[in-house]
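Welcome! Let's look at a protein together and work through a few questions.

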Amino acid sequence: MKILVIHGPNLNLLGTREPHIYGMTTLEEINKMIMKKARELDVEVRIVQYNSEGDIIDEIQSAKEWACGIVINAGAYTHYSIAIRDALCSADLPAVEVHVSNTFSREKFRHKSVISPVVNGVIVGLGPYGYLYALDYLVNNARVNTAKT
């Protein structure tokens, strides 16, 4: 079982970027947490971070060939990237949208996600743990669906 984890723009700055909003945990630390959780769940994860929309779309499109789910934090693209939304629809894989901060306690423009309507669930405001909960959900969801067939 393989899961794609996508970190979007500016997430490479976690730990130093607005720590009062995003916390002090770095992206490297989050990735280590994800890898540890993946080992516990006995699954493989491919973790990527891109600042450009096209690279994110390419990853989503390729995931259709090898992944059983996607965890995505599209960063600011969440609020306006119809292209990422369309890629998620085309991939036709279970997906969970994650945000480290509580987007609903922030600026009004962050309250709207064009991605949320096409994913299985959304986790906001739980810091790095949101990624772990998303991974847990996708793995359990895949195992339940595999057991049904």
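**Surface, fold and one histidine**

The protein exposes about 7,500 Å², of which carbon and sulfur atoms supply 52%; such accessible areas come from the Shrake-Rupley method with a 1.4 Å probe, and for residues only the protein chains shown count as cover. This is a predicted model, where local features need pLDDT of at least 70, side-chain atom pairs count only at pLDDT 80 or more, and totals for chains, interfaces and linings use all residues. Residues are numbered from 1 along each chain as its sequence is written, and side-chain values use heavy atoms, leaving out hydrogens and water.

Q: Which pattern does the protein follow along the sequence?
A: Helices (H or I, at least four residues) and strands (E, at least two) are DSSP runs, numbered from the N terminus. The protein has five helices and five strands. Read along the sequence, they give β-α-α-β-α-β-α-β-β-α.

Q: Is H111 buried or exposed, or partly exposed?
A: H111 sits in the loop between β4 (95-99) and β5 (121-124). Buried means under 20% relative accessible area, exposed over 50%, and partly exposed in between (1.4 Å probe, protein chains only). At 33% relative accessibility, H111 therefore counts as partly exposed.

Q: Which residues does H111 touch, not counting residues up to four places away in sequence?
A: A contact means heavy atoms within 4.5 Å. With residues up to four places away in sequence not counted, H111 touches T103, F104 and R106.
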